[in-house]
Amino acid sequence: MTPDGASMTGLEDWLRACRSRVDEALDRWLPPADAVPARLHEAMRYSVCAGGKRIRPALCLMIAEGFGVSGNGPLRAACALELLHTYSLIHDDLPAMDDDDLRRGRPTNHKVFGEATAILAGDALLTLAFEWMARIADYDVPAGRAVSAVKSFAEAAGHAGMVGGQMLDIDAENGEVTIDELRRIHRLKTGALLTASIRIGGILGGADPDEMRKLTEYGRHIGLLFQIVDDILDIEGDAAALGKTPGSDARLGKSTFPALLGMDGAKREADRVRDEALKAAASLPRPISRMSELAGWLHGRKR
């Protein structure tokens with residue numbers, strides 16, 4: 001059963017409030033734009049403070065707070081996830097990667113600051129993300145949980161996670177892949193960090209091993225759902241709503257769910273994965289209602 005309209009309205013209100021909290025913390029914790037080296041800090045802030053859905057921070061906060069843990073520890077972890085995500089966007093947009101001109105409704109970082117500065121801004125955000133994640137121990141997060149959070153963060157970011165998925169995605173350009181191969185690409189490229197957001201929330205919230213397994217299952221389905229809907233929107237969406245240039249997947253010869261399954265098949269796949277996410281959410285002994293609502297919201301999103 002999908003969430004009803006009233007619960008979805010409540011979720012959207014919560015997401016807006018969550019974005020405000022995260023945006024305020026990012027602005028407060030990032031280096032000032034005029035601090036030396038000013039051009040680097042300006043470039044970092046340009047991309048981080050450009051808006052965005054803040055889904056990864058929201059997932060982390062949703063789980064941690066759903067298990068009764070709040071404060072600056074979870075908020076710092078949530079912001080670290082957003083820094084890591086933003087670094088990946090800056091690098092993805094570079095001419096050597098996806099060569100995009102528009103991100104979050106504005107010119108991409110390298111279009112404004114040049115390629116060298118964009119690369120360094122991404123590098124700086126990546127390393128600062130790990131600093132912030134490690135510093136959750138300064139905010140009453142037990143040391144063991146902090147170490148586990150950093151470990152999950154690193155696993156999601158690197159060769160066995162997001163970066164590995166990006167490599168597989170590049171290797172698959174203008175080639176033929178199976179549906180299982182495509183799922184694997186996007187469980188890593190997009191899904192790894194989304195799953196880590198859920199897992200880190202669970203770690204901070206003191207989830208037991210059985211709960212962590214179920215949270216991880218939910219995160220994997222959510223990550224895949226997010227990418228399937230992204231693929232659909234790249235064809236059916238518009239630049240004003242998306243904040244980026246649609247049609248880039250086809251231009252780059254990317255392997256996508258609509259390309260492999262057709263649009264109707266991609267939408268059926270999205271339905272299937274959403275339903276699996278709902279099952280995983282319902283299986284938690286300590287249910288968090290927003291998990292089901294978020295699965296429905298991601299399935300129906302238009303940007």
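Q: Where do Asp 210 and Lys 214 lie, and how many residues apart are they?
A: This is a predicted model. In it, Asp 210 and Lys 214 both sit in helix α11, residues 209-236. They are four residues apart, about one turn of the helix.

Q: What makes the pair Asp 210 and Lys 214 a salt bridge?
A: The N to O distance between their side chains is 3.2 Å. The cut-off is 4 Å, between a Lys or Arg nitrogen and an Asp or Glu carboxyl oxygen. The pair is within 4 Å, so it counts as a salt bridge.

Q: Why is Asp 210 called partly exposed?
A: Its relative accessible area is 29%. Buried means under 20% and exposed means over 50%. The value for Asp 210 falls in between, so Asp 210 is partly exposed.

Q: How do you know whether Lys 214 is buried or partly exposed?
A: Lys 214 has 21% relative accessibility. Buried needs a value under 20%, so Lys 214 counts as partly exposed.

Q: What makes Glu 173 and Lys 254 a salt bridge?
A: Their closest N and O atoms are 3.0 Å apart. That is within 4 Å, so the label holds. The pair links distant parts of the chain, 81 residues apart. Glu 173 is in the loop between α8 and α9. Lys 254 is in the loop between α13 and α14.

Q: Why do Glu 173 and Lys 254 get their accessibility labels?
A: Glu 173 has a relative accessible area of 24%, between the 20% and 50% cut-offs, so it is partly exposed. Lys 254 has 9%, which is under 20%, so Lys 254 is buried.

Q: What makes Glu 269 and Arg 272 a salt bridge, and where do they lie?
A: Their side chains meet at 3.0 Å, N to O. That is within 4 Å, so the pair qualifies. Both residues lie in helix α14, three residues apart, about one turn of the helix.

Q: Which residues do salt bridges with shared partners join into one network?
A: They are Asp 98, Asp 169, Glu 173, Lys 189 and Lys 254.

Q: How many salt bridges does the rule give?
A: The count comes to 25.

Q: Why is Ser 152 called buried, and what does it touch?
A: Ser 152 has a relative accessible area of 7%, under the 20% cut-off, so it is buried. Ser 152 lies in helix α7, residues 143-157. Leaving out residues up to four places away in sequence, Ser 152 touches Ala 196, Arg 199, Ile 200 and Ile 203.

Methods. Residues numbered from 1 in each chain as written. Predicted model: local features only at pLDDT ≥ 70, side-chain atom pairs only at ≥ 80, totals over all residues. Heavy atoms only, no water. Helix = DSSP H or I, 4+ residues; strand = E, 2+ residues; numbered from the N terminus. Buried < 20%, exposed > 50% of the residue type's maximum accessible area, 1.4 Å probe, protein only. Contact = heavy atoms within 4.5 Å.
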